[in-house]
Amino acid sequence: MIVPAPDPREVREASLEELSRLRLPLPPPQFPLVWEPGDEIELRPTPEVEARIAVLHLIQARCFGMPPQAAMSWLLASHLLEMVTPPEFQFVTGAKGDHRSFVLHHDALFALTWVLGLTKQLDPTLPVDERLVARLPNIVEGETFRRWQARILTAPQHPADAAALLDLHYCLDWAYLEVSRAGRLLPGLVDANAIGQRRWALEWAVMLRGPYHDEPPGWEEVDLST
């Protein structure tokens, strides 16, 4: 569903108000908007988001001891091999890559479950919901991707709400890094890495359409440098 994007300046004002409420520093006046007036937005198709959730969940299982053979068997049985990125494939099959970075994807996974309505809130001061695992494929018991899809009941967020949360996390990402560099206390139990991962997921899930936007990025192409 493609819809007109909300007024980016109004959304930014709300994001800055939230930063002020959390007693976080505000980005400079020239800090870019995420989209421009007149742009359109949509969420990635639900099956694509579900597949990304399942793959990230498998990566987490691999991080915490699942054997590579078992991981590959699950991917093949779930027909998800084509949804695995090259870095993820190298990690699944040979534990190659930055183990810590794959562990951090737990918060990206959490944000994607919010996009599909499987998680009720994405509070920047609260860690991942402990009930999250129950909403994900039961890989240990052999629940395949298709069986999981049939079990869950998704209720995707409205694209405008997801875009507003993306703008907030764009600002939060800047603010949390500033606070961390200054050695100050953060407002809750979530650190800058977790905020960055949640932003990563939202940057991928919210597709922006307009004259100044490229085609939506692949998972490994999401740019968090600005």
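The conversation below concerns a predicted model, and turns to a helix pair and then to salt bridges.

Visitor: How are helix 5 and helix 8 oriented to each other?

Guide: The axes of helix 5, residues 99–115, and helix 8, residues 192–205, come within 8 Å and cross at roughly 55 degrees. Angles under 35 degrees would count as roughly parallel and those from 65 to 115 as roughly perpendicular. The two helices are therefore classed as oblique.

Visitor: What is the handedness of that crossing, right-handed or left-handed?

Guide: The axes concerned are those of helix 5 and helix 8, which cross at roughly 55 degrees. The crossing of this pair is right-handed.

Visitor: Which kinds of residues make up the contact of helix 5 with helix 8, and how many are nonpolar?

Guide: On helix 5 the contact includes Leu104, Asp107, Phe110 and Trp114, while helix 8 contributes, among others, Gln197, Arg198, Trp200 and Trp204. Divided by kind, the residues of this contact comprise 3 charged, 4 polar and, as the number asked for, 13 nonpolar.

Visitor: Is Arg198 buried or exposed?

Guide: Buried means a relative accessible area under 20%. Asp107, the salt-bridge partner of Arg198, has 13% and is buried. For Arg198 the relative accessibility is 0%, so this residue counts as buried.

Visitor: Where Asp129 forms a salt bridge with Arg131, what is the relative accessible area of Arg131?

Guide: The closest N and O atoms of Asp129 and Arg131 are 3.1 Å apart. Asp129 is buried, its relative accessible area being 19%. Arg131, by contrast, is exposed, with a relative accessible area of 56%.

Visitor: Which residue forms a salt bridge with Arg44, and how does its accessibility class read?

Guide: Arg44 is buried, at 9% relative accessibility, and its partner is Glu48, with closest N and O atoms 3.1 Å apart. At 28% relative accessibility, Glu48 counts as partly exposed.

Visitor: How many salt bridges does a search of the whole structure find?

Guide: Beyond the pairs discussed, Glu42, Arg209 and Glu215 are linked in a network of salt bridges. Over the whole structure, the search finds a total of 13.

Notes:
Residues are numbered from 1 along each chain as its sequence is written. This is a predicted model: local features need pLDDT of at least 70, side-chain atom pairs count only at pLDDT 80 or more; totals for chains, interfaces and linings use all residues. Side-chain values use heavy atoms; hydrogens and water are left out. Axes are lines fitted to C-alpha atoms, for helices over the stretch in contact, and angles run from 0 to 180 degrees between N-to-C directions. Helices (H or I, at least four residues) and strands (E, at least two) are DSSP runs, numbered from the N terminus. Angles under 35 degrees count as roughly parallel, over 145 as roughly antiparallel, 65 to 115 as roughly perpendicular and the rest as oblique. A crossing is left-handed if the near helix is turned anticlockwise from the far one by less than a right angle, and right-handed if clockwise. Contact means heavy atoms within 4.5 Å. Ala, Val, Leu, Ile, Met, Phe, Trp, Tyr, Cys and Pro count as nonpolar, Asp, Glu, Lys and Arg as charged, and the others, Gly among them, as polar. A salt bridge is a side-chain nitrogen of Lys or Arg within 4 Å of a carboxyl oxygen of Asp or Glu. Buried means under 20% relative accessible area, exposed over 50%, partly exposed in between (1.4 Å probe, protein chains only).
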